[in-house]
Structures are given as structure tokens and as C-alpha cells.
Amino acid sequence: MQEKPNVEELIADSMVMLLIRAEKLPQRERLAITQEFREWLNGNCKIEDILILDTRIK
């Protein structure tokens, strides 16, 4: 029987991987992502404040 993954561990792992990948971004974009995480972790984030990335090819 397969064990259910721990949701908190999955979130933590995802955040770590995201921040590692963000190191390759320009300083300004890294700061924006860091601020978004900080607000989310502190509980200051509202649904309408969530950052949405437009990754569609134009």
C-alpha cells in the first residue's frame, strides 16, 4: 500500500526548488518573488493579491 505524501513536506520542497531556480533570475525579479513568499508565509496574502505569471507564448 502506498503512503500518502506529507503535504507540508511537499510544499516545503516545492518552495525550496522554486527559490533555487529563482537564483538565476535578475535581482529585481528575485526580490519580487521573495516579497510574495514573505507575505504568503506571514498570512498577509489575499486571494486577489496572488501573483499570476503569464507564461503564454506571444
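How are α1 and α2 oriented to each other, roughly parallel or roughly antiparallel? In this predicted model, helix α1 covers residues 7–22 and helix α2 covers residues 27–41. The two helices pack at an angle of about 160°. Angles over 145 degrees count as roughly antiparallel. Therefore α1 and α2 are roughly antiparallel to each other. Their axes lie 10 Å apart. The crossing of the pair is left-handed.

The contact draws on residues from both helices. From α1 come Ile11, Met15, Leu18, Leu19 and Ala22. They meet Arg30, Ile33, Phe37, Trp40 and Leu41 of α2. Of the residues in this contact, nine are nonpolar and one is charged. No polar residue takes part in the contact of α1 with α2.

Each helix was also compared with its expected span. Helix α1 has 16 residues. From its first C-alpha to its last, α1 reaches 22 Å, close to the 22 Å expected at 1.5 Å a residue. Helix α2 has 15 residues, so at 1.5 Å a residue it should span 21 Å. The end C-alpha atoms of α2 are 21 Å apart, which agrees.

Asn6 caps the N-terminal end of α1. A side-chain oxygen of Asn6 lies 2.9 Å from the backbone nitrogen of Glu8. Gly43 follows α2. The phi of Gly43 is positive, near 80°.

Terms used
Residues are numbered from 1 along each chain as its sequence is written. This is a predicted model: local features need pLDDT of at least 70, side-chain atom pairs count only at pLDDT 80 or more; totals for chains, interfaces and linings use all residues. Side-chain values use heavy atoms; hydrogens and water are left out. Axes are lines fitted to C-alpha atoms, for helices over the stretch in contact, and angles run from 0 to 180 degrees between N-to-C directions. Helices (H or I, at least four residues) and strands (E, at least two) are DSSP runs, numbered from the N terminus. Angles under 35 degrees count as roughly parallel, over 145 as roughly antiparallel, 65 to 115 as roughly perpendicular and the rest as oblique. A crossing is left-handed if the near helix is turned anticlockwise from the far one by less than a right angle, and right-handed if clockwise. Contact means heavy atoms within 4.5 Å. Ala, Val, Leu, Ile, Met, Phe, Trp, Tyr, Cys and Pro count as nonpolar, Asp, Glu, Lys and Arg as charged, and the others, Gly among them, as polar. The expected span of a helix is 1.5 Å times one less than its number of residues. A polar contact is a pair of N or O atoms within 3.5 Å; within protein, one must be able to donate a hydrogen and the other to accept it, and residues adjacent in sequence count only if both atoms are side-chain atoms.
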